[in-house]
Amino acid sequence: MLSDEEGNALKRTLFATAICRGLPIRYYLLLQKKAAGYSYGIRVEYNGESVTAAGLSLSEMKIRQLLGTLVRGCVTPVSVPDILQDWLLE
């Protein structure tokens with residue numbers, strides 16, 4: 001089970017898989033229970049690399065849209081931080 005920096009459990013659900021250079025990129029929707037409800041984040045795994053960004057939004061729909069964009073672009077973990085930075089500024 002995944003956890004955030006504070007040790008809180010994160011439930012991950014496979015959102016989609018894309019292929020890049022013959023290898024799968026896996027995109028996960030993360031769910032974290034908070035006192036006031038739930039927060040959502042993402043995880044991307046590719047070729048032994050991964051990046052996790054928990055607690056990005058309280059809106060599941062926004063995170064699903066973000067994941068859809070990442071899948072369409074075949075975004076790998078190395079590029080996710082730059083994309084998230086732009087996404088958070090929107």
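## A tour by salt bridge

Start by selecting Glu60: with a relative accessibility of 30%, this residue counts as partly exposed. Keep in mind as you click around that this is a predicted model.

Glu60 and Arg64 form a salt bridge, and their closest N and O atoms are 2.9 Å apart. Colour helix H1, residues 60–72, and you'll see why they can pair up like this: the two sit four residues apart in that helix, so about one helical turn separates them. Arg64 is partly exposed as well, at a relative accessible area of 37%.

Which residue pairs with Arg12? That's Glu45, and the closest N and O atoms of this salt bridge are 2.7 Å apart. Show the strands here: Glu45 is in strand E4 (residues 37–46) while Arg12 is in strand E2 (residues 9–20), so this pair ties together parts lying 33 residues apart in sequence.

Is Glu45 buried or exposed? Glu45 is buried, its relative accessible area being 18%; the cut-off for buried is under 20%. Arg12, on the other hand, counts as partly exposed at 38%.

Stay on Glu45 and bring in Arg43. Here is another salt bridge, with the closest N and O atoms 2.7 Å apart. Both of these residues are buried. With that you've visited the salt bridges: a search of the whole structure finds three.

Time to zoom out and show the whole chain as a cartoon. Trace from the N terminus and the order reads β-β-β-β-β-α-α.

How big is the box that the C-alpha atoms fill? Roughly 40 × 30 × 20 Å, taken along the principal axes. The radius of gyration is 13 Å, which agrees with the value near 12 Å that a compact globule of 90 residues would have.

Colour by burial next: 39% of the 90 residues count as buried.

Key:
Residues numbered from 1 in each chain as written. Predicted model: local features only at pLDDT ≥ 70, side-chain atom pairs only at ≥ 80, totals over all residues. Heavy atoms only, no water. Rg over C-alpha atoms; globule rule 2.2 N^0.38 Å. Buried < 20%, exposed > 50% of the residue type's maximum accessible area, 1.4 Å probe, protein only. Salt bridge = Lys/Arg side-chain N within 4 Å of Asp/Glu carboxyl O.
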